[in-house]
Amino acid sequence: MANPLIKICGIGTPAALDAAIGARADYVGLVFFSKSPRNVAPAQAAMLAARAERRARVVGLFVDPDPDFLAEVLDTVPLDVVQLHGRESPAQVAAFAARHGIEVWKAVGVKTRADLAQADAYASAAARILFDAKPPAGADLPGGNGLRIDWSILKGMRPALPWMLAGGLDPHNVAEAIAITGAPAVDVSSGVESAPGVKDIARIAAFCAAVRGG
């Protein structure tokens, strides 16, 4: 089995970006959600995306975005992928993809095996599903909370779409998560931070090394 793809999300500084690329992450994530400690302004994001060009694919994370705001960001920031992390329906996901001609991923919150069934509804709309831990009721953030999915419910799962595992991953547990779930791709944010929104260079390197078994 090939090494899983790696996404380091919530990048906010050139140093964090360079650390992710230096550790050979496949994707870097930029968060466009004002309630998140990882939120970046379009001008800062444009600089980071330009710095990443051809070295890693750039994913923009949005939560139920206003269509005009999404269009504004895409006009400013050279994103490769849009990740929708809110309550967007399959029809909305398909409309975003068609309107902007860009690859779209959809995050699905998971707490029980029944939650996994949501993913197949997006089979003709999204390019990839991201399984993240379902946040507690009333939480401000749909992801990046450090919560972990019960990996056993993902064992043997065969979704209709390519998928990525998120939620509570860190350098110490990601190898176990991959072994249990067979995840073809993994996403980390808070698990490589020293404080909310502050990426730790050593933890980024350790996470990527752990994914690759070394």
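A residue is called buried when its relative accessible area is under 20%, exposed when that area is over 50%, and partly exposed in between, with a 1.4 Å probe and protein chains only. By this scale G29, at 0% relative accessibility, counts as buried.

The structure shown is a predicted model, in which local features need pLDDT of at least 70, side-chain atom pairs count only at pLDDT 80 or more, and totals for chains, interfaces and linings use all residues. Residues are numbered from 1 along each chain as its sequence is written, and side-chain values use heavy atoms, with hydrogens and water left out.

**View 1. The whole protein, with its six helices and ten strands.**
Helices (H or I, at least four residues) and strands (E, at least two) are DSSP runs, numbered from the N terminus. The radius of gyration, taken over C-alpha atoms, is set beside a globule rule of 2.2 Å times the number of residues to the power 0.38. For this protein the radius of gyration is 16 Å, close to the 17 Å that the rule gives for 214 residues, so the protein is as compact as a globular protein of that length. The C-alpha trace spans about 40 × 40 × 35 Å along its principal axes, and buried residues make up 51% of the 214 residues. A contact means heavy atoms within 4.5 Å; among contacts between residues at least 6 apart in sequence, 56% join residues at least 24 apart.

**View 2. G29 in strand β2, which covers residues 27–32.**
Leaving aside neighbours within four places in sequence, G29 is in contact with K7, I8, C9, G10, I11 and V59. L70 lies 41 residues from G29 along the chain, and the C-alpha atoms of the two residues are separated by 15 Å.

**View 3. E193 in strand β9, which covers residues 193–195.**
With a relative accessible area of 6%, E193 is buried. A polar contact is a pair of N or O atoms within 3.5 Å; within protein, one must be able to donate a hydrogen and the other to accept it, and residues adjacent in sequence count only if both atoms are side-chain atoms. The side chain of E193 makes such a contact with the side chain of K199, at 2.5 Å, while the backbone nitrogen of G197 lies 3.0 Å from a polar atom of the E193 side chain. Not counting residues up to four places away in sequence, E193 touches R38, V198, K199, D200 and R203.

With a relative accessible area of 54%, R24 is exposed. At 42% relative accessibility, D64 counts as partly exposed.

**View 4. A114 in the loop between β5 (103–110) and β6 (128–133).**
A114 counts as exposed, at 61% relative accessibility. I153 lies 39 residues from A114 along the chain, and the C-alpha atoms of these two residues are separated by 9.3 Å.
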